[in-house]
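This report describes one protein model, part by part. Please look through the sequence and the structure before reading on.

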Amino acid sequence: MLRNLLAKLWRASPARVRRIGVWVSEPRFTVTAGAVVLDEARRVLLLQHVFRRGSGWGIPGGFIEKGEQPEEAIRRELREETGLEIDDARLVAARTLKRPRQLELLYVAHACEGAQPRAVSAEIRRAEWFAHDALPHGLPKDQQRLIERALESDARGVE
């Protein structure tokens, strides 16, 4: 009975009141996009981030800006951090993280032929290509799993 009464009150409320109610009661997440970027030799692009804990190595990515599409966010982040352009990008995974409250979208992408990344942002110490069996020491296990997942789903690598 109480549930029915609350439902009637909800439906009778002005749209603005309902929007505020949803805004207050529903969880919010930041949204990020990351990419496992491959070159012609299927080497993986890793960035040594200034602000990342541990070794600092990880895949490129960042926050999606308001009104920005996820793939465009990856392209922007790569240009801003490394000056690199990609031919294509394909979504391979999405996951939520509890801390921070975040939705993370993972892409596999292919760099334009002959692309040479360089650290062009104050956030990045180094940008280098690594063979998937020779990843840098201290690369977090979580990043290694993301790389493995992207490589497994990469259609270009299958002849």
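## Helix α3

The model is predicted. A73, I74, R75, R76, E77, L78, E81 and T82 are its buried residues. They pack against β1 (30–38), β2 (44–49), β4 (61–63), β5 (86–97), β6 (102–111) and β7 (124–130).

The length of helix α3 can be checked against its residue count. Just after the helix comes G83, with a positive phi of about 75°.

## Nonpolar cores

The largest nonpolar core is made up of 20 residues. V37, L45, I74, L78, L84, I86 and Y107 have the most contacts inside it. Two or more residues come from each of β1, β2, α3, β5, β6 and β7. Strand β6 gives the largest share, 4 residues.

One residue of this core, I74, also belongs to the buried residues of α3. Leaving out residues up to four places away in sequence, I74 touches A33, G34, A35, G61, I86 and Y107. A further core of 16 residues lies apart from the largest one, and V92, L106, F130 and A150 are among its members.

## Salt bridges

Side chains of opposite charge can pair when their charged atoms come close. The structure holds 13 salt bridges. One of them joins the side chains of D39 and R43, with an N to O distance of 2.6 Å. D39 has a relative accessibility of 7% and counts as buried, because the limit for that class is under 20%. R43, at a relative accessible area of 32%, is partly exposed.

R76 counts as buried, with 11% relative accessibility, whereas E80 is partly exposed at 42%. Both residues also take part in a network of salt bridges that links E65, E68, R76, E77 and E80.

## A link between α4 and β5

The side chains of D142 and R95 also meet in a salt bridge, at 2.8 Å from N to O. This pair connects distant parts of the chain: D142 is in helix α4 (residues 141–153) and R95 is in strand β5, 47 residues apart. D142 is partly exposed, with a relative accessibility of 28%. R95 is partly exposed as well, with a relative accessible area of 25%.

## A nonpolar surface patch

Which residues form a nonpolar patch on the surface? They are L2, L5, L6 and L9, and together they have about 410 Å² of accessible area. One of them, L2, lies in helix α1 (residues 2–12). L2 has a relative accessible area of 59%, which is over 50%, so this residue counts as exposed.

Notes:
Residues are numbered from 1 along each chain as its sequence is written. This is a predicted model: local features need pLDDT of at least 70, side-chain atom pairs count only at pLDDT 80 or more; totals for chains, interfaces and linings use all residues. Side-chain values use heavy atoms; hydrogens and water are left out. Patches are made of residues with over 30% relative accessible area and no salt bridge: like charges are joined within 9 Å, nonpolar side chains (Val, Leu, Ile, Met, Phe, Trp, Tyr) within 5 Å. Accessible areas come from the Shrake-Rupley method with a 1.4 Å probe; for residues, only the protein chains shown count as cover. A salt bridge is a side-chain nitrogen of Lys or Arg within 4 Å of a carboxyl oxygen of Asp or Glu. Buried means under 20% relative accessible area, exposed over 50%, partly exposed in between (1.4 Å probe, protein chains only). Contact means heavy atoms within 4.5 Å. A nonpolar core is a set of buried Ala, Val, Leu, Ile, Met, Phe, Trp, Tyr and Cys residues joined through side-chain atoms within 4.5 Å.
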